[in-house]
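This report concerns the salt bridges of one protein model and an annotated domain. The sequence and structure are shown first.

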Amino acid sequence: MSKINTIAIDIGHNVSFDGGAVGLRTEDSLNLEVGRQLIDKLRATGLKVIECLPQSANSLVDSLSKRVQAANDGHADFFVSIHHNYFEGAHGTEILCITGGRAEEVTKIILPEITNLGFTNRGVKDRRELYVLKNTNMSAILIECAFCDSPIDMNNYSPEKMAEAIFRGICKAFEINGPVNNTSSDQTNYYTVVKGDTLYSIAKRYGTTVQRLVEVNDICDANVIRVGERMVVR
Ligand SMILES: [Zn+2]
């Protein structure tokens, strides 16, 4: 498949008027964890990544249209929206797109990478009516990574492994050379600080402590972290 220069990654929900599902875990937090790690991995290959999650929104449509606009304005070659599903009794992974074109071809490469982690394959679904799929100028997919209300999916759920699987799929689909540090990926996570983060919120998200983050990153003042700063989380 033809190579790409710019990819749009849309971290689903996570803004006013556009909250995600709440199951055993909240969809918002899962989308953030998977999405941010995916963005870090893609950037590490040198690919240009457009983050589509808006800072604010005054309605659901406003939230969705800002995401689409970010991708369209940035002339992204491909659009990936990260979500987690919610439906009592259901479990597994599905990818939504407008079938019959490039989006479906990419989906068929990414989906097996995720189901190889042990998630049930719920297949590719045509959801051409979805706002972000319909209004983006480039091929677009929406990954429903897993069900946030399913004990089967959420037991031992690893956002890191999910991000890695999606990353592997994207690299295969677009012939991107991955970064060189594959061997230690289960030991070290990297996190890029965004607006609103504190060491406490980062520690909480990754199941570690402020003290540990201070130690491994040689942080002098735990109250001062900079947006864009890349830190080791473990
Ligand atoms: Zn969602």
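Which side chain meets that of Arg168 in a salt bridge? In this predicted model, the partner is Glu113, at 2.9 Å from N to O; a salt bridge here is a side-chain nitrogen of Lys or Arg within 4 Å of a carboxyl oxygen of Asp or Glu. Because Arg168 lies in helix H6 (residues 159–174) and Glu113 in helix H3 (residues 102–115), the pair ties together parts 55 residues apart in sequence. Helices (H or I, at least four residues) and strands (E, at least two) are DSSP runs, numbered from the N terminus.

Glu113 also forms a salt bridge with Lys172. Lys172 lies in helix H6 and Glu113 in helix H3, so this pair links parts 59 residues apart in sequence. Salt bridges that share partners join Lys41, Glu113, Glu160, Glu164, Arg168 and Lys172 into one network.

The structure holds 16 salt bridges, including those tabulated here.

| Pair | N to O distance |
|---|---|
| Arg25 and Glu33 | 3.0 Å |
| Arg168 and Glu113 | 2.9 Å |
| Glu113 and Lys172 | 2.5 Å |

Glu113 is buried at 7% relative accessibility, Arg168 is partly exposed at 33%, and Lys172 is exposed at 55%. Buried means under 20% relative accessible area, exposed over 50%, and partly exposed in between (1.4 Å probe, protein chains only).

UniProt lists residues 189–233 as "domain: LysM" in an unreviewed entry; such annotations may be inferred rather than shown by experiment. The end C-alpha atoms of this span lie 5 Å apart, and the span is 33% helix and 18% strand.

Residues are numbered from 1 along each chain as its sequence is written, and side-chain values use heavy atoms, without hydrogens and water. In this predicted model, local features need pLDDT of at least 70 and side-chain atom pairs count only at pLDDT 80 or more, whereas totals for chains, interfaces and linings use all residues.
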